[in-house]
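The following exercises concern a contact between two chains and the setting of selected residues. Each task is followed by a solution in steps.

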Amino acid sequence: MSLTFRLTQPEDAPFLSLWLSDPHILCWFPMIDAREIEDAVRIWIGYSKIESGLTALDNGEPCGIANLYIQPYAKQKHTCLFSIIVKEEMRGKGVGKALLGQLISLAKEKFQIEILHLEVYEGNPAQHLYEKMGFVLFGRQSHFIKEDGRYSAKLLMQKRL
Amino acid sequence: MKQEPVGLDIRYTYVTDSPYLRQWLDLPQVQKWFPVSEEKEIEDAVQCWIGFSRYSCSLTAVLDGVPCGIATLFLMPYKKVAHHALFKLVVDPQYQRRGIGTSLLKNLKHLAKSYFRLDLIHTEVFEGNPLIHLLEAQGFQIYATQADYVKNQGEYLGRILYEVYL
């Protein structure tokens, strides 16, 4: 594996759409069908305009994307929500950890973010990565997801940079 | 228990209510409880907020024909999360402490449950916001607290996230 990183580009959108279309990945996101995925990808990749997204490349091919959702209001610009995704075949190889490390540097150095936070569904294996990287729980919404009449919780975690 | 003011009516929000919302958000005593702090931010917030009126998920309190408060459900765009919604509520400061916020919130909960079939609604407030008393009186419970979420002229304030099951 030869891992490099660059800013996310609009051309990365098809990779993001493809990964999100995998049911094993999509189950950890709020979207459920192609139209919703398309909408989410448009918003996510839209941040490439302000260069707040990073793409991990394995031998030159995208294998993971992470994005800082930079706040539109001055009073909240020191905090930032982020999202991250790693291609299914590249899971468990340190891509997520490396990509998140790069994203934290970008948040601190370019955007002067003081608090980075995330939302993750309870049971998502990525929660362990976040804990290892110093994210701590600050909230839990127990009925956030509803599928087939059953609810799942959303965990809110943050890290001070 | 506070009596609703005589002449208070609750109706759906119209796009023409925008100037009132803009005017309230421009007042320092209102603005301190919202993320906006300048004209461009207020304009963006008003556009987004009033934009939801097209789905009939926003209510305006009207006293003697003049808007004095707005409460809006920010409906979720994805099916898995469409059973809940964030809401925002604001009352013109000159009409606060008269039960208008309570009336708006009760009506909004009813709209959320009866028309949109929502299971819960939630909101976020900054520490010290007087709305907290109203939320707690209406059965809202805290599900998250995040310190230092707002930074205004070097001073930090936390945010508190509340939810209520309908």
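Strands (E, at least two residues) and helices (H or I, at least four residues) are DSSP runs, numbered from the N terminus. The model is predicted: local features need pLDDT of at least 70, side-chain atom pairs count only at pLDDT 80 or more, and totals for chains, interfaces and linings use all residues. Residues are numbered from 1 along each chain as its sequence is written, while chains are lettered from A and ligands numbered from 1 in the order in which they are written.

**Exercise 1.** Determine where B:Asp148 is found and whether it is buried, exposed or partly exposed.

Solution. Step one: B:Asp148 is found in strand 6 (residues 141-152) of chain B. Step two: a residue is buried if 20 or more other C-beta atoms, placed from the backbone, lie within 10 Å of its own, exposed if 12 or fewer, and partly exposed in between. Step three: B:Asp148 has 17 C-beta neighbours inside 10 Å and therefore counts as partly exposed. Step four: its phi is positive, about 60°, although the residue is not a glycine.

**Exercise 2.** Describe the place and exposure of A:Asn59.

Solution. Step one: A:Asn59 lies in the loop between strand 2 (53-58) and strand 3 (61-70) of chain A. Step two: with 9 other C-beta atoms within 10 Å, A:Asn59 is exposed. Step three: A:Asn59, not a glycine, has a positive phi of about 50°.
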